[in-house]
Amino acid sequence: MDLFLDALRQALRLLLSGDPYLWRIIARSLQVSGGAVLLGLLAGIPLGTWLGLARFPGRGLAVALVNTGLALPPVVVGLFVYILLSRQGPLGALGWLYTPSAMITAQFVLAAPYVAAITLAAVGSVPPQLRLQARALGASRWQALLLHLREARLALMAAVAAGFGAVISEVGAVMLVGGNVQGETRVITTAIMLETRRGRFATAIAFGLILLTIAFAANAFITRVQQAQPRRRRPLTS
Amino acid sequence: MIAVGSGEALRLAERGDADAVLAHSPRAEEEFMAAGHGESRRPVMFNDFVIVGPEADGAAIRGLSDAAAALARIAAAGAPFISRGDDSGTHARERLLWGAAGIDPAGSWYLEAGQGMGAALMMASEKQAYTLSDRGTYLSLCDRLELSVLVEGDPALRNQYSVIVVRGAANADGARAFAAWITSPAAQQLIGEFGLERFGRPLFIPNAERR
């Protein structure tokens, strides 16, 4: 227990001292996972909206595939992105392997299903009468769709939080495709692995505290959104 | 039985999480013994480190017999170099060689991978960079690497492995039995033959002191 408390005290000191090694890695984590979630939004919201509103044969299968995407093992995604980007791979010419671009690519693949799945559920939960009424009042198809998404906006923000929480805490994909290079591709999770292996527990715990704080903030946000939903106002038509 | 870098192995042992350690980081081992963490330390076998790099060899180090001089050329050329960066025995040796070259490596050409030897070699191959590797790991991966051995044979590249029985080990009898076995004639013969068939040469030369 002494080991843990000592390390915890040192970790807090490290965080407060603004150690550049620590903060550079934290910044790189936020950049990579933030970038991946942003790209995930661009792909996931249209896909989720479409799957949530359209009716076509095979939709059930498509929804199941998106939901399966939630359980993609990061290390397997890392493996495929690694092969794709390695020198002999199909995209080797990009020279992305062991760069933040490779890490964003891998985490995008992990984040997009989160955004798509939550968007899908969110647009499905908005009463369809809303759009019909908007259309009846003279809104164009696009205006009606935007209104629909506006109603689902809280859930969409939860999608961002869930996707971000998932990718910032994964280690398998970023370790494989990023390579944990100091000052370039070392992020919070890969740094925790390395510092633990080096026996530098205080530094590892400092990173762990930051990661826990981020995960807590993301989940607190999701919880708030979920609790807010039952109080939503009644549908426009009765 | 767990496989980790020598630095991590000795730290595990220091905390009582390991009973016996097979390490190849002489300086760290001597410190470990001096601090009273070890009950005994005996040599087991050796092999050597090699400096590997791209066939094109932009820093022109091929065939040099002085490892430190080769590193100095790599630094002067600013050619990419992958460091283990993980306090392993190989990383310790690399820092020793940089010290001998009088260079404190830093800059965009010097990449600290913070990973194991296999991952560092894969990265060196992908980036067509230089790195320091133990010969065994290089040989076991060389089919998949676009890297050649460029510098070898410098006495400063000798890689001695020792077995340490940890003082106050939870399973002291088991630890002593392991150390006795790995230094026994039977195990030493196994070590001397290991890799002979696949690589045409043994990966390690046994050198336990006969008692």
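User: Hi! Which helix of chain B gives the most to the lining of the largest pocket?
Analyst: Helix 7 of chain B, with five residues; helices here are DSSP runs (H or I, at least four residues), numbered from the N terminus. This is a predicted model, where local features need pLDDT of at least 70, side-chain atom pairs count only at pLDDT 80 or more, and totals for chains, interfaces and linings use all residues. Residues are numbered from 1 along each chain as its sequence is written, and side-chain values use heavy atoms, without hydrogens and water.

User: Switching topic: how many salt bridges does the rule find across the interface of chain B and chain A?
Analyst: Three, counting a side-chain nitrogen of Lys or Arg within 4 Å of a carboxyl oxygen of Asp or Glu. One of them joins A:R197 to B:E8, with the closest N and O atoms 3.6 Å apart.

User: And how much area do chain B and chain A bury between them?
Analyst: About 1700 Å², 45% of it on carbon and sulfur atoms. That is accessible area (1.4 Å probe) lost on being put together, summed over both. In chain B, B:E8, B:E112 and B:E126 lose the most area to chain A, together 31% of what that side buries.

Conventions. Chains are lettered from A and ligands numbered from 1 in the order in which they are written. Buried area is the accessible area (1.4 Å probe) that two parts lose on being put together, summed over both. Helices (H or I, at least four residues) and strands (E, at least two) are DSSP runs, numbered from the N terminus.
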